[in-house]
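Student: Please take a close look at one part of this model, the packing of its helices. Keep it brisk, and give the cut-offs.

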Amino acid sequence: MRADATAMGQPSSLRFKVDGLDCQNEVRALREAVSPVVGGDDKLSFNTQAGVMEVLSGDASMLDAIQRAVATTGMRAHLLPEDAAQETAPTHLFRVDGLNCQNEVATLKREIGPLVGGDAWLMFDAAKGFMTVAPQRQATVDDIIGRVARTGMRASLVVEDAAEAMLFRVHGLDCKNEVATLTRELGPLVGEDKLAFDTARGTITVAPQSRATADAIEQVVIRASMRAELWTAETVSFASAETASMHNGSAGSCGAVAQEALDPPIPTRSPGQIVFRIHGMDCADEIAALKREVGPLVGDDRLAFDLLNGRMSISVAPNSMLEARIEKAVARAGLQAEPWTDGDGSEAAKTEERRKRVQSWLTTASGLLTALGFAVHAWLGGGVIAAFEAGEHALGSTPLPSIMLYTLAVLSAARYVAPKAWLSAKRLRPDMNLLMMVAVAGAIGIGAWFEAATVSFFFALALALEAWSLGRARRAVAALMELAPPTARVKLDDGSERDVPAAEVRVGAHIIVRPGDKVPLDGRVAIGESEVNQAPITGESVPVFKAEGDDVYAGTINGEGALEILTTKAANDTTLAQIIRMVGSAQSLRAPSEQWVEKFARIYTPVVMVLAVAIFLAPPLLLGSDWDVWFYRALVLLVIACPCALVISTPVTIVAALAGAAKQGVLVKGGTHLETPARLKAIAMDKTGTLTEGRPAVVELVPLGGRSEAELLGLAAALEARSGHPIARAILAKAVELKIAVQPAQAVQAITGRGVIGRVDGREMWLGSRRYIEERGINSPEVLQRADTLSSAGRTIVAVGDGQDVWGLVAVADAVRPEAKDIVTALHRAGIEHVVMLTGDNRATAETIAKQTGIDEVRAELLPGDKVAAVEDLVRRYGSVAMVGDGVNDAPAMGRANLGIAMGAVGSDAAIETADVALMSDDLSRLPWLVRHSRATLAVIRQNVAFSIFVKLVFTVLTVVGLASLWGAIAADVGASLLVVLNGLRLLNRGHATLEGGGPSTRSGAPAHAHHEPMVAAVRRAR
């Protein structure tokens, strides 16, 4: 856009880095101050994330006036160097000390992404410690280095004389094999140490060097059977987008901001990944067929399937030619693929819904026709027994009307089975569809028409049950989306309000949430106060008071006050949307039990088929038995070979357990992490904010000289009334709790690091630390001994008095959570052998808290690296260990544990992304619930697998001895499928019961099921 403007002869713009520009409040202040200088606010645009202000049609003569105008707002403006178009801006390659894994990559993306225009401008080679910033105009090298320093890492720009780094997008670069190939080819040309690879983005960065040109590098890449091109931005930058809107005459004004808020957000695409919606993928057979067809194109190890959502993910760089080939491969498997989009509004999705409806009607028709055929046979053929004998073992003839009805029943049931069976036969890869068609054809061949129709109907019913069970689990997850309202009331620049779809509201818009309404988007309160019920997201039992500056989350319920909210996230990026995505995609991270079942099924089916052939051939050949009898028994075994119940039970159970956990505010990042809590032997916890409240509180009052606690606390509160220190807030909070009226002291003076003095009721009073007592020359043994006793217990001491007289001591400490002891007890009862507290606090404080809570072991005065070592030691001693922390500061220790659990993850994208399990509230009682939920899930899986195998074994034995029939075998298989599915779906509504230790499951002691009613109701509606 800028190039166009220049071509038209328009003056260039001035770009300023503004210190302190980071939200809409500063934007409004700058518009008021600067617009008169530059000729109107339509000449201004802002990027609050990068702290950049741009003046369109500005020139150097305005520079001083603009900077002075900015200074009147309390901010400072620095002119950014005039640069060329974005395409000619340099690529910067940084060596980052401390960058060595994906945790650091995630941290740097959060910190640097907003500065340079988004994650799309960042590439990482964690193995070599390189970070590449693609050509951009929003941040300088110093800006980037300074922002990296805030993460605890250190960045340095890679330079060599006047040479510049080169960034290439490489088509075909998406795994370590290509990295090795390119290193082998390019290493001799530019030096291996000059190469940085990001396989997720499909890019190579060549560090500054003078040995090879871009053309030479591109030619070498071609020799490696790939194609390289210099990187160019795929999307319009923030600044150029705003410049474009300025040319339309609307940008910069409040009206433009309001209109921008209504524009649809730009769609996003996961880097390094192609995602398809697969229509018709309802069971493991379809997954096996897709692996056979798509696997050779991309590699089996790059395929991931989400049966719950009908999604196939391929870990390769997006490529239109490859996508077309994949779609054709899916079609060869008898299914239909389309690029993944959120929602089900596509034509293919509607076609798939119609197909499912038709399949349901045909299944119903098959059952009715089978029953009708049997009734006609019984009427014409001599009764029910005669019909059974003729239908089961072909002991009598079947009347023609019944044959016609049975034939229609078979055709109705086989409508969607026969095409898959034909594909399976053509590829010589038998699956359960082929097994069923062979069994049906065999039954027709021996004249057992009733058997053929019954087997067809029951198999179609089994497929319908699979689709129904997955659909029910899908609806349970989809019901989470109903927690957020579909529309938002946007406040326009003229003060009017307009309802628009929430998905179309841009970040930075002002929305109105009326009393009793649900919050449609994540944001920050701009105007108003209210209590907000956060139970749908966090499970918190008590509504949380919200005022100006507080964060609110989509899906929560506003109380009695109206709120004006500044949106901070788009609809597809809210905390609720992340939860929905995590739950929806977690099924693709298959649990160990699910993987075992799949392997077992792969062995089980061919073994039973071989056994069926042996049953058919061996008795007639070796013993001279009747061929018809053993052929029939072989057909029964083929039916038994179908592993429907076995295969469908585990994924349905896992999905139900994941959705059930989400309802309780526990976000589990996949089946593999769902099973880990059941095997835990030890749990390590951070102290601050986990076992304790994370803020100081008055825990003890020690009045001296015959004074009362009220007198002591009243004096302390009077002296601290004007202070914002955390200890002062704790004292004032205690005074409010005890309903003590506080009259602020006069002439208060702070004594740095020691305390304060002031006048109360005309007398000079003081308040200070243990050290300040001695400095005042107070040598009372009683006072000093009591102070030392409290200090040794890990408390901070505040003494209060006048002159040489000490009125008493106030003990302040990080208060232990009221429910902590009961929860530790519940963890022990749940089978956790060892609970450990890891803290950087002093040992005395840690030991005191451990005694109060029943912690088994304390490790105090630890640095972050020491916590990692402590977790490693626990893993060696106990094998399976969980680390509970805040998801960010404790990330290294959480990463070393078998299970990382982040507490209070609501509002923390980092916690949701980095932890294996995220507790959306800071309610510690979710821990023992999670352990019990995990064990219940494993128990249900074992029950389902054992029951399914037992049914198969029983019918195998009955078949061999001649007591089983085709219709009995398929009926038993369908019954087993239904039972295991219903058993697994019980986990959807597994409640949050009271703790076994006797304490309440929440801090209020209210039954937990009441706390989650909105989410529970949503899931019930889905059913």
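Tutor: Contact means heavy atoms within 4.5 Å. Helices (H or I, at least four residues) and strands (E, at least two) are DSSP runs, numbered from the N terminus. The model is predicted, so local features need pLDDT of at least 70 and side-chain atom pairs pLDDT 80 or more, while totals for chains, interfaces and linings use all residues. Residues count from 1 along each chain as its sequence is written, and side-chain values use heavy atoms, without hydrogens and water.

Start with α6 (residues 176-190) and α7 (residues 214-223). Their axes come within 9 Å and cross at roughly 150°. Axes are lines fitted to C-alpha atoms, for helices over the stretch in contact; angles run from 0 to 180 degrees between N-to-C directions. The two helices are therefore roughly antiparallel (over 145 degrees; under 35 is roughly parallel, 65 to 115 roughly perpendicular, the rest oblique). The crossing of α6 past α7 is right-handed: the near helix is turned clockwise from the far one by less than a right angle.

Now the residues. From α6 come Leu182, Glu185, Leu186, Leu189 and Val190; they meet Ala216, Ile217, Val220, Val221 and Arg223 of α7. This contact divides into eight nonpolar, no polar and two charged residues. Nonpolar means Ala, Val, Leu, Ile, Met, Phe, Trp, Tyr, Cys and Pro; charged means Asp, Glu, Lys and Arg; the others, Gly among them, are polar.
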